[in-house]
Amino acid sequence: MKTAHDLVTAAKAAIDELSLADAQLAIQNSDVLLDVREADEYMNGHIPGAVHISRGLLEFKLSNDPDLSPRSLKIVLYCKNSGRAALASKVLHEMGYLHVQSIAGGFDAWAGAGNTVAKPEAIKFE
């Protein structure tokens with residue numbers, strides 16, 4: 001029986017995983033930067049410009065959003081530490097997306113390296 005670790009290891013062997021050093025340029029050249037973490041993780045901080053789509057809804061959201069359905073899109077994605085992003089990247093390749101890259105080490109590596117982190121402003125009630 002395979003474990004989550006086994007699935008992530010297999011996915012990482014089949015995807016294009018970017019080093020943190022190459023991530024900034026790849027993000028600049030991408031059509032969309034996807035954060036596949038959960039909503040609360042995204043709200044606590046994310047890479048600037050990232051679009052949030054939780055890993056569990058990714059296939060459905062991409063299939064139903066005309067702006068995200070072209071298989072030629074250049075997609076960079078990340079999660080907390082790269083496991084979910086690796087699985088998501090593999091699935092996107094299986095869906096026919098041609099240019100998908102995942103950031104090695106994910107958001108934790110990005111933030112840990114001192115890169116800019118965006119945080120949505122809290123909703124103010126008057």
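Serine 54 is buried, with a relative accessible area of 13%; buried means under 20% relative accessible area, exposed means over 50%, and partly exposed lies in between, using a 1.4 Å probe and protein chains only. Before we go on, please keep in mind that this is a predicted model, in which local features need pLDDT of at least 70, side-chain atom pairs count only at pLDDT 80 or more, and totals for chains, interfaces and linings use all residues. Residues are numbered from 1 along each chain as its sequence is written, and side-chain values use heavy atoms, with hydrogens and water left out.

Back to our starting point. Serine 54 sits in the loop between strand 3 (51–52) and helix 4. Helices (H or I, at least four residues) and strands (E, at least two) are DSSP runs, numbered from the N terminus. The side chain of serine 54 is joined to that of histidine 52 by a polar contact of 3.4 Å. A polar contact is a pair of N or O atoms within 3.5 Å; within protein, one must be able to donate a hydrogen and the other to accept it, and residues adjacent in sequence count only if both atoms are side-chain atoms. Setting aside neighbours within four places in sequence, serine 54 is also in contact with Val36, Arg37, Glu38 and Ala39, where contact means heavy atoms within 4.5 Å.

Arginine 55 belongs to the loop between strand 3 and helix 4. With a relative accessible area of 17%, arginine 55 is buried. What does arginine 55 touch, not counting residues up to four places away in sequence? The list is Val36, Arg84, Leu87, Ala88 and Val91.

Follow the chain into helix 4 (residues 58–64) and you will find serine 63. Is serine 63 buried or partly exposed? Its relative accessibility is 47%, so serine 63 counts as partly exposed. The side chain of serine 63 reaches the backbone oxygen of glutamate 59 at 2.8 Å. Serine 63 is also 9.3 Å from methionine 95, C-alpha to C-alpha, although 32 residues separate them in sequence.

Now let us turn to a pair of helices. Two packed helices are described by the angle between their axes and the distance between the axes. The axes of helix 1 (residues 4–14) and helix 5 (residues 83–94) come within 8 Å and cross at roughly 55 degrees. These axes are lines fitted to C-alpha atoms, for helices over the stretch in contact, and the angles run from 0 to 180 degrees between N-to-C directions. Helix 1 and helix 5 are therefore oblique to each other: angles under 35 degrees count as roughly parallel, over 145 as roughly antiparallel, 65 to 115 as roughly perpendicular, and the rest as oblique.

Which residues meet where helix 1 and helix 5 come together? From helix 1 come Leu7, Val8, Ala11 and Lys12, and from helix 5 come Gly83, Ala86, Leu87 and Lys90. By class, this contact has five nonpolar, one polar and two charged residues. Here Ala, Val, Leu, Ile, Met, Phe, Trp, Tyr, Cys and Pro count as nonpolar, Asp, Glu, Lys and Arg as charged, and the others, Gly among them, as polar.

Lysine 12 is partly exposed, with a relative accessible area of 30%. Beyond residues up to four places away in sequence, lysine 12 touches Glu17, Ser82 and Ala86. Its side chain makes a polar contact of 3.3 Å with the side chain of glutamate 17, and another of 2.6 Å joins the side chains of lysine 12 and serine 82.

Serine 82 leads us to the loop between strand 4 (74–78) and helix 5. At 2% relative accessibility, serine 82 counts as buried. Its phi is near 105 degrees, a positive value in a residue other than glycine.

Serine 19 lies in the loop between strand 1 (16–18) and helix 2 (20–29), and at 32% relative accessibility serine 19 counts as partly exposed. The C-alpha atoms of serine 19 and alanine 104 are 5.5 Å apart, while along the chain these residues are 85 apart. Glycine 49 is in the loop between helix 3 (39–43) and strand 3, and its 65% relative accessibility counts as exposed.
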